[in-house]
Structures are given as structure tokens and as C-alpha cells.
Amino acid sequence: MARPLRADSALLADGGEALLLGNEAIVRGALEAGVAFATGYPGTPSSEVTDAFAALADELGIGFEYAVNEKIAVELAYAASLAGARSLVAMKHLGLSSAGDPLSTIPYMGVGAGMVVVSAGDPGCHTSPNEQDQRHVADMLHLPALDPSTPDEALRLTRFAFELSEACKLPVLLRPTTRVCHARAPVRLGPRRAPTVRGFVRDPARLLPVPVNARRLRGEIEGRLERARRAILADGAAFSRVGQGRLALLSSGAAAALCADVLAVLREHGLARELSFLRVAAVHPLPVEWLVEQLRGLDELLVVEELSPFLEDALRSLTSVYGLPVRILGQRTGHVPTHGELSREAAQGAVERAFGLPRTVEHAPAVAAGPPVPARPPILCSGCPHRAAFVAVKAVFGDDALMFNDIGCYTLGASPPFDAGDALLSMGSGIALAAGVSRMLKQRTVAFLGDSTFFHSGMPALLDVVKEEADVVTVVLDNDVTAMTGFQTSPLVQIGAGKSGGHGDARVRRRVDIANIVRALGVSHVERVDPLQVAATHGAFERARAAKGPSVLILERPCPVFLHREGIENPPVVETAPAQAPARTQVDNDTCRTCGRQALGHRCRQPVMKPFERSMARARSLEVGNDPPRARPAVAPCASQCPLFLCIQGYATHIAAGQYAHALELILDGLPLPEAVCRVCHRPCERVCVRASTDEPVAINELKRFVVEWANEHPTAVASLPKDAEHGRTVAVVGAGPAGLAAAYDLRARGYRVALFDARTEAGGLLRWGIPAYRLPKDALARDLARVTQAGVELHLGRALGANLALDELLAGHDAVVLAHGAWRPGALVVPGEGDARVVDALAFLERAGEGTASNVLVIGGGNSAIDAARTALRKGARAVSVACLEAREDMPAITSEIEAAVDEGVRLLCRTKVSSRQNGGVLLCDVEKTDPRRVDPGAFRALAGTERALPVELIVLAIGQQPDLSMLEGAGLAQSAAGALAIDEGNRTSHARVFAAGDLVERDRSVTSAIASGRRAAWGVDAALRGSAEAARRPPPPRPTIAAASSSFAPRRSDPDRRVQAPLLPASTRTGSFDEVEGRISEEAARREAERCLVCGQCGNCSVCTEVVGCPAFYVEGGIHIDRALCIDCRLCVSTCPNGAIA
Amino acid sequence: MSRVAELQVLFCGVGGQGVLRAAELFGRALFAAGKRVNIGQLHGMSQRGGSVSSFVIVGAAEAALLEGAPDVVVALEPIEAARAASAFGPRTVVLVNIATVVPYERTRAGQGYPSIDELLGRVAVRAGRVLTADLSGALTPLGLARAVGVAMLGALTRQAPFVALGVSADALVAALAGNAEAQRAFALGAETTFHEWNSSQGTRDGLQARH
């Protein structure tokens, strides 16, 4: 016999008693009635009816099929009936409404051979969204209806239903409920009858219910119902009475079985002996004559039924018509609950109250106090391949997109952790709900449905989407079967060779192609993908999100539970050599949730956040795909090269997730001057970005700039960073440039009182005086300065060390002094010869914003100051500006994009060029070659003979670097290094115990970012000296970048190559007319797209992707994260999404 | 003894543990031995990690609903024993297999399995006796982990309410239809000593005994 649809062998027994499920008893009853055709659509609690037929039909010569939906099922069964075959059609209560159209006209036309409609009810909504009472449908549509109360009665009533149907020519509704369908109880078997097909009898006046016929046929229905009543009365099996007292209980369906038990228990207690018990299984039409006779002899009648007072009202109506004095109790009188499944206690309580009996129900004391027992709501099975679809859809669409779910396993996508379901209505409804909401709100929506639901009623809905060009992404989660109700076959596949789908060898054959149907319906954007091919799945969702109008994604992978039951091998996701048995999936708790930055003391204060995790998992899926995980560096190369040690992958991931405030928090945590750095950073991070191995480095600074400017527009969104409590210690910081500002800000955060001194009239140092406004606008700088002063730093301007400020004086008034007054002394360059061109130092030139430029300008130097000076000269009216440097263009220290911008503006680059001498009217130049590739100093270059030429120049700007001026510290006794710089230790402490130094004054790397890092290190040094290293370590300084840290064998390639974002630039032709900022910010959309390019190379401790994003129930927490072997089927979705590569 | 329900056994556990199969086996065996049985179940979601329970009523009961407190509870999992506890009574004997299936809800919250003592304390305040054994732990090394429901049936045959029924444990063995693995598991369950769980153990977790 084929699995999964085994039939109980007792169904075929010749007689005697068998232990059958209620649903099986119905099948047996039909077999005893000689049923020749059965069909239906699965739905709990009715499914075992169709499943048993699926298993038996071929063997018994009975026609069977799982119909595409209930409407079609009813039509098929009616057709069989017209063909002269006794037919049965099964569905759950909701299906009856779906089949209402044909079912409402069949009573007019009349059946041929007997036709039974089994519609299983679900009081208490055990597995249904509502608990409608189908008895009202029977009344409305003129269907005789029988309510069995036990499996045994279900058998007998089914057998009788066929006779009844033929007697009255109406389809008969058999309405079992969950407690009958799913009860297994002894059933008395009768003889089976062979199926017969008597043939089709033409009768157009009856079978074509056009209006003229319909009006006549309506009149015939009364007669049919009358015949039904007489048949019920004559048979006598559908009603009964026990006892002759004047007080009675009347019940039907599952409630009748309960009442029988309640009475039995009461009688064991010696109670209710005089109570009569009336059972009525024929709820429509009622056996009126019998009922009137019973009611006439009663004083009081309690009607116990579930869901609605259907019988109670009918009986009240009878008492009115027949003038019966009996007092009727039930739902209308508050004795019986009006909704929900009837419990034993409620039934017994109703009887006791109605008849004034002493209470016999033992009422259990209240449940013991304490936290609730953890719930176990159903969730997608571990190993469900369509979990990958929900992971991807949430990663791509985020939490904002509205999503509509459907009936079946994928209803579970609406539960945590996916929450991918904003509404759920009925079979196939997700598509129309998504379309309707999309139309009203003008936004793209998502609809999910399974393959079975697609056929059931998704196809017409999709046609509507096509017709209206609705902006809807329809996701068909195709698992080959109707899994939720017990793995029934759908039109999609057939198991084995048997026509009905229940027999034969365990092979799955595809019969229908959803993609072809979808295309034929007119959808042009259709993609099919195996959801476990995670990179492809993300890509498909990405394209679907970007598209307009109808998109359909068909995610195809069979249900592994179904395959297991059928003994079919789950198709591998990754092809492995047959000899190589795949290892069981396991978690390495040494790399799980570890952070390389945290290992260096840099604790991440961020909470674990789902959008962040989703972005990380998405990046990992796109990078790893279905390959084995790669060993990842503890710290990403970008962060290891960042002088500030910023968690770049962290803020990129937050940006990709749309969490800009959190991204800013991560930036501000290590960078008090974000406005300046997001514009002028020399980007050592981008030079080591691993993304370059796929296409281009991530535009990291553009991302930072986006977030910083976003924060300016959303000032309230940004939380203030935590600060240590004030402790009264004071520090003086000399120099309000980047290093001094950073040191002052950091010391404030550490609880120090800080006095910041600067020689000039305004703060900012090099940021103000050395960087032109077209790169760093003054208002942006002002915002950075405000951040520092608002933190409580006292600013003292016009105080110059050595002039009106003395180190001794500072030491006397403060616990420590940080020297950060920079390097402003021009480097000495001797250009031989005499000439009439003026010579100025670049910093002096920039400080005056290019005042006094000439028409022909030569800038000597290859760094950022040289490019700044050249571009400033252009903006001040110079007509010809050249930059001469010894280096080749690719070796120039200046930022590449700055060089490019300068060239665009008309600056002439003279690389590998030396100014050999000055002369009147200009200079003589010559070419040079590099003699020692390891050296960068002028001595490494040799002039090439015969290349000399003249260049007319009126102004020479020297941009060859500056040196610290230590003259004002003479006498302080601070030790110097051999190279003549101030000597400092790792905490930036000089040889004086209370004097620290930071920035260009001491650092070899003369960049703004390095200066800020240096200031932060000095602050840490001060703190370690004054409060101790333990306190200081709570805010560790950025470590000095080392080349070793960046070199890693980690070199993945991403599956989605893409160019990096380009920041918008002012047109070159208009730039030189002003000092307006040249580079703009990127858009939010561009920022998110760019952030999504980040490979998130480093390990992250802020993660619960496996349990929170993937949400696989095989994971459990016990110390670390573990996988329950009994649940895991090695689908490896967790492997493809684990950010740290900790699952293998 | 009520004729409506001579013996009521409640089986509870987690989807996939074999709760429904154990109850059906038990009911069928008693039916084959000439008893009138009624097996109740609720499923539809049982494949998907949800709570599952099923019960066998021996006696004249027509309705597939427990009549008062069950006489014996066969709990394949401690949380599920605690969940069902509100239906237990002073005469209920609860057999608990100490094998944990961590609910996803707990894992999501970063929590492990709740305190088994506390869970059993909740059972103990409602039930007459609580008997525990790690049957899953004993079955796993034998490759019989999936047969824990059958093994619990073995244990069930040793309980007084079953013995009082007058049906031989052999009737259950016969119902295993020659399945050697199931028979081994059944025998192991029958031979395993279940330990009485003392309700005072629960009070230290703040749970007060109600009776």
C-alpha cells in the first residue's frame, strides 16, 4: 500500500466491529451504500475522508480525485450523480461556502443517483478561522442535513444519506464535527455494496434551470423536502428517545454524545432518573410529526447544541404552530453556550441548572501560580525549505512592506520570527488582499500562497492582478503537495502510477507547470528558483521589489516531510560526491557571537536588532551562497585600517537596514567630528575593502556622510552617548584642531573638566585654516565644533603657548595638559637660483583662502595641501595653475578623487617633475626618475638630463609638508626622539608625567583621522594616568592600524557585481567661480544600495540570526547555541546565513 | 468505578514524538482485548512542533472528551505534562519521560529549557503521583529514540489503574505486530524504574502545594 495515504484494513472488513475514525466510518458507510465516485478538497477535520478514498478507490473500482477546489468537487460529484453513480464529496465547513454556487441550484434540478455532501465543522476553531454553523446553509439551500454524534452513527447516517438523497432527489448534507471526525471508536460494520453506474437520463426541463424552468422547479423543492421528511420518519434511525419522563433533554451531533455521557454519569450518582433523552440527528428537515408527539408529553425541554440555537428555534416554532405548552430551555435562555466547542462541564452544568440538580462536576482548583507554561504554537518545520523564502523576503522588503498570507503551511510565515503576514482571510485571498491594499495605498505589496492554494483559487485572483496591472509581488511557495492537511497531491504532482494519486511506486511526476500558467495568465515578470539557493532567492526578491506591476516568484522545493514519508530522497542543494557523506550541521560556539573588536575591549553597546541581523544574514547569503562557510577575520580589514577603529561593517549594515540613527551611534562612538571626517577622510579603509575583489570598494565615506547629514535633518532621532559621571579632575588641552578637539571631547565623556586653548581667533585648527571651504564648508565645521562645546568643553581662544599661555601655568591649574597645537612650521625647500616669482607657504596661502594669488601659479608638492592650494588659486582668479611633484600620479599622497577634481577644474599636473631652478619670469623644470622604490624622500629621485624646460610663473606655493614647532616648549624639559619630535609612550604621555601630546605634533601620519585618533589616545592616556587603567579601559582608544591586521586570506567574491555609488559633484565649469561645496551627499536609496554592497567581513557578536532571523526550531540555547539532532535535517539554510560562519 | 469511563489515559507530548501513535496503539490493543474504547485526538498542526495530546477512554463513553481527570497521564515531555496539569486530579498518576524539547519561543528569547523541578512541581500540586524516568536517554543509545511512546506504554502497564482493568500487558505486545524494535522499547519501558517525584521539590521554586 502506498504511503502516505494508508487505509485502515478494517474499512474493507466483511462485518463485525471495527475501531474506526469518524471520518473512516463515513467512508465505510459510503462503501456500504455502493458509492461509485468520491471527491473533495482536503481540509481539517475532513481530510481523512478523501484520504481513505484516495487509498482505496482504485482497488474497489471507485472513481476518485482530489478536486482543485470545493466548487469543482461539488460539480464533479453532481455530474457523477447525474451519470447514475452514487457520489460523495467531502470538505471542511469553509469549503461548503466555496461550493455554495452549484450547491444552491442542485436542489432545484434534483440529483440522479444519491449524492452526499460531507462538510466537517470545527466548533472551537481548532484548525479553522471560523466556526460557522452549516445547518443554516442546509436550511437556506434546501438540503436535508444529518448530524452524526459518534463514528458509529456517522457510518449508519452516511449509508442512510444515500437512500435519503435518492428518496427526495436532493443532495444530503452530512455534518460531522471535529469530535466526531477525529474520534476513533467501535463501529458496527454492515455489508459493502459494489459500485454501480446506472447512466445519464436526459431531462432538459429539470437539468437546465433557466428562469422559466427554475420558477417551476422551486415549487418542486417543497415536495422533495416533504419526501425527505417522510423518508426520515420511515427509517427512524435519525431520531430516538430514551425515558418517558415529562422533563427531557434534546441534543444532536457531538453534543448528543456528550449529553448521553452526562446522563449516564448523573444516573450513576442516582440523579436525573426521570429525565428523558431525545436525540435528533436529522436536523433538516425535522421529523416534525415525531417531535410534536414528544413535545406534547413534556413540561420542560433543554436543548443542548453547539454554535447556534438552530434546533432550539425550530422547536420553539413548532410549539407556537402546534400550541404546545412545553417550556424550552437552551441557548436563548442562557443555559447553553452560544459559541465554541461544548465541554463536558458546560453540558453537565446546563443539565444541572436547567433541572435544579445538585452539582456533581468536580471543579478543579485554580491553576498553580507562576509564569505561564511556555507555549508551543505551530511553526514552520525545521528543514522547511520555504523558511528560506521568508528569510529572503524580509531581508529584501524589510518590515515596512505589507504582506498578505494564505491558508496552509505558509500561514505560519505570519508568526514570529518572520511576521510576514498582515492579514489572512481565505483560500487564495492573499493575492486579492495584496492587490486591493496596493491600489488604495499606492505601494507595492506581497502575497504568499502555496501551490495547492494557487490552483484552488489563486489563479483567478492572479488574472485580476494582471488585468489591473496591480503592483503586487505574488510568491508561490511550491512544495509539491497539500502539506498542511496531510500531504495530499495537488494538480502539480502525482505520486507513483495510480490515477488517483495514492498507489504504486514512490515516484513524483510533475503534471502541471505553474510558471507556464502564470505566464499564460499574462504575467511577464516570472521567476522560478529553489529557495535553498539562497543567493539566487535573494536576487529574485530583489528584482521583484524593484519591478513594477505584477511579479510572480515561484519557489520550488518539495516538502521534506512528504519526501521522507514517501521514501523519496530530498534533492541535494549542493552537489556532493557520492562517496562524501555530508557532515551533520553543527555550531562552533568559539566563533558564534564573537566580535574581534570586543576582544580588543571595544564593547558594542547596541542591542541585538532584527533588521540589522537580517541585513547581515543577507550579506552572508549573497557572499557564501551554498558554499561551505569561509573562515572570517575577527576584525574586518576596513576597521583594522581605520585610524579611529570605527565599526564600519556595523554602520554599513545599519544603513542597509534603514536604521540610520543606530548607524550614527556607531560612528559617533569613535568619532566626535563626523562632519569633517565624512568629507575629508583619506579613506585607508577603502584601500583594503574586500569588495574590490568582486568589483569596487564600498564607498564608505559616502555612507558616513549620508548618515551624518540624515542626522542633521532628524536631530531628535539621535540618542546622546553615555558619559561617565563628573569627578572634578581637570585637563587643559592646547590646540583646537582635530586632535585637541577629539581629546577634549573624549575627556569630557570620561568625566573631566576640560579647558581647550587655541592661539587663533576661532577653533578648528587645520580643519578651519588648512582645508578650503569647497571641501569642508564652514557651517559643517561649526556643527562639529558645537558638538564639542555642547559637551561642556570650555573654549579659550587667542591663547598662544609661548606668548600669552605658559605650560607651567597650565600645569599649576590642571591635573594634566594635552599638547595638540599641530605642525605649522613650513618645511624648508630650497629652490636654487634667483627669480622674481613670489614664494609662499601653502598653509599660509590656504589660511588667507588664496588672497593675493597671481595669474600663473605653480604649486610644488603632491599632497592634499598642494591640491587644495591649486584649486583655491583657481577660485581666486588664477588663470594657469600647475602642480609639480616628484611622484608619479598614482603615487601622489593626495586623495585620488581630489586630484581628479583638480584636473577636471583645469589644474595641470606635472608629475615626476622637479623644479630645478628659479629664474626671472618663472622656473625651469625637469623630469625625474625614481632610483629607490622603497624611499619617498626627495633623495630617491634623480633628474633626467636634457628634459629641462621653462614654465612662466608669478607665484610659487610650497606644499611640501610642515613640521611641529617645539620652540615654545623649550625649557619644559620634554624629551625628544632622535628625529627631533616629542617622545611619547603608548598613552601619548611625554617624558613629563602630566603632559601628553597628540596630533600632528607627534604623529607621523598627518591625516585628520589620525589626528583625531591620536587625540582619543591621549585622552585615554590621561585617564589611565589620573583614574587608573581599569577606568580608562572602559573607553579603549583606537589601536594603531597595522598592515598585518589588514592582510587576510579572506577573499570572497559576491554573486552580484555592481559599481560603487558616485557622489554628486558640482559641474567642473561652475565650481571655480566660488567656494561652494563640490561634493554632495548620496540619496537614501543610493546609500542603502551602497551599504548592501558591504560584505560584512568581520565577525560580529551582535547576532542571533539562526534563532531570530532564520527561526529554525532545531536550535536551542544551553550555554551556547546548539542544534537538536532529532529535528535538524541538514538543509544548511543556517550555514548560508550565519554571519560569523560559525555553523558548518 | 464509572462505567462511562472505567479508565482514562491521557497522552501528551510534542508533534513528532509519537503521541498519537502511542494512544492509538494502546486503544487498539484494549479494543482487541474486548474493551470498549474511545480514542480522542486533535491534530492538524502536529507535524509542526506544536503541543499534541490524545486520550483513550475505556468504558461506555460516547463522546471523545475526557470525563473528569484522567487516571493515568503518559507525558512524553515535561513542559507538556505541566501544560496538561490543570485537568489532573488527586487520583491521577502522571508518568513523565524526562526528555526536553525546547520550545522555539524560549530559544527566541535567548532562554533554555525551564526548570524541570518547577514544571513537575506544577504537575505535583494537581496530581496524585508523579513518576519520572529518562526513557529517551535510555532508548537513544539503543537506536530506539523514536519509540519512546511505545516504551512509555510498557511503563503504563505497570500502573495500578491499568492492572485493575484486568487486561494483560501481552495484549499490548500483540498490538505491536511483531515489530522487534517496538517490542524492545516496550520491554525497556516496562522494566524501567520510575522515580517518585516529591512535591516538596516544587515548593522551593515558590510553588505552594494546593492539596
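**Figure 1. Helix 3 of chain A is largely enclosed by the rest of the structure, because 10 of its 13 residues are buried.** The view comes from a predicted model. The buried residues of this helix are A:Glu70, A:Lys71, A:Ala73, A:Val74, A:Leu76, A:Ala77, A:Tyr78, A:Ala80, A:Ser81 and A:Leu82. What do these buried residues pack against? Their partners in chain A are strand 2 (37-40), strand 3 (63-66), strand 4 (87-92), helix 4 (93-98), helix 5 (100-109) and strand 5 (115-120). Helix 3 covers residues 70-82, and at 1.5 Å a residue it should span 18 Å, which agrees with the 18 Å between its end C-alpha atoms. Just after the helix comes A:Gly84, with a positive phi of about 90 degrees.

**Figure 2. Helix 2 of chain A has a kink of about 35 degrees, centred on A:Ala54.** This helix takes in residues 47-60, 14 residues in total. From its first C-alpha to its last it reaches 20 Å, close to the 20 Å expected at 1.5 Å a residue. Is helix 2 mostly covered or mostly uncovered? It is mostly covered, with 11 of its 14 residues buried. You will find A:Ala54 itself in the buried set, together with A:Ser47, A:Glu48, A:Val49, A:Thr50, A:Asp51, A:Ala52, A:Phe53, A:Ala55, A:Leu56 and A:Ala57. Just after helix 2, A:Gly61 takes a positive phi of about 70 degrees.

**Figure 3. A:Ala38 sits in strand 2 of chain A.** This residue counts as buried because it has 33 C-beta neighbours inside 10 Å, and 20 or more are enough for that label. Leaving aside neighbours within four places in sequence, A:Ala38 is in contact with A:Ala30, A:Phe53, A:Ala57, A:Ile62, A:Phe64, A:Ser87 and A:Leu88. Of these, A:Phe53 and A:Ala57 are among the buried residues of helix 2. A:Thr50 is 12 residues from A:Ala38 along the chain, and their C-alpha atoms are separated by 7.5 Å.

**Figure 4. A:Gly245 lies in the loop between strand 9 (239-242) and strand 10 (247-251) of chain A.** With 15 C-beta neighbours inside 10 Å, this glycine counts as partly exposed. Which residues does A:Gly245 touch, not counting those up to four places away in sequence? They are A:Glu274, A:Leu275 and A:Ser276. A:Asp299 is 54 residues away in sequence, yet its C-alpha is 9.2 Å from that of A:Gly245.

Figure 5. A:Pro285 is in the loop between strand 12 (282-284) and helix 12 (288-296). Look for A:Pro417 in the loop between strand 15 (403-404) and helix 16 (429-441).

**Figure 6. A:His142 and A:Lys442 each have a positive phi in a residue other than glycine.** For A:His142, phi is near 65 degrees; this residue is in the loop between helix 6 (135-141) and strand 6 (145-146). A:Lys442 has a phi near 55 degrees and belongs to the loop between helix 16 and strand 16 (445-450). Buried or exposed? A:His142 counts as buried, with 21 C-beta neighbours inside 10 Å, whereas A:Lys442 has 7 and counts as exposed.

**Figure 7. The contact between the chains takes 48 residues from chain A and 52 residues from chain B.** On the chain A side, strand 8 (184-189), helix 11 (254-268), helix 41 (1105-1110) and strand 40 (1115-1118) each supply at least two residues. Helix 11 gives the most, with eight residues. By class, this side has 30 nonpolar, nine polar and nine charged residues. The predictor gives the complex an ipTM of 0.93 and a pTM of 0.89.

**Figure 8. The largest nonpolar core has 443 residues, and A:Val818 and B:Leu95 have the most contacts inside it.** Helix 11 of chain A brings the largest share of this core, 12 residues. Beyond four places in sequence, B:Leu95 is in contact with B:Val72, B:Val73, B:Val74, B:Ala75, B:Leu131, B:Met152, B:Ala155, B:Leu156 and B:Phe194.

**Figure 9. In chain B, pLDDT stays under 50 over residues 202-211.** The model has 27 contacts beyond four places in sequence for this stretch. Where pLDDT is low, the predicted coordinates should not be read in detail. For chain B the mean pLDDT is 87, and 90% of its residues reach 70 or more.

Note on methods:
Residues numbered from 1 in each chain as written. Chains lettered and ligands numbered in written order. Predicted model: local features only at pLDDT ≥ 70, side-chain atom pairs only at ≥ 80, totals over all residues. Contact = placed C-beta atoms within 7 Å. Helix = DSSP H or I, 4+ residues; strand = E, 2+ residues; numbered from the N terminus. Nonpolar A, V, L, I, M, F, W, Y, C, P; charged D, E, K, R; others polar. Expected span 1.5 Å × (residues − 1). Buried ≥ 20, exposed ≤ 12 C-beta atoms within 10 Å, placed from the backbone. pLDDT = per-residue confidence, 0-100. Bend = angle between axes of the 7 residues up to and from the residue. Core = buried A, V, L, I, M, F, W, Y, C linked by C-beta atoms within 7 Å.
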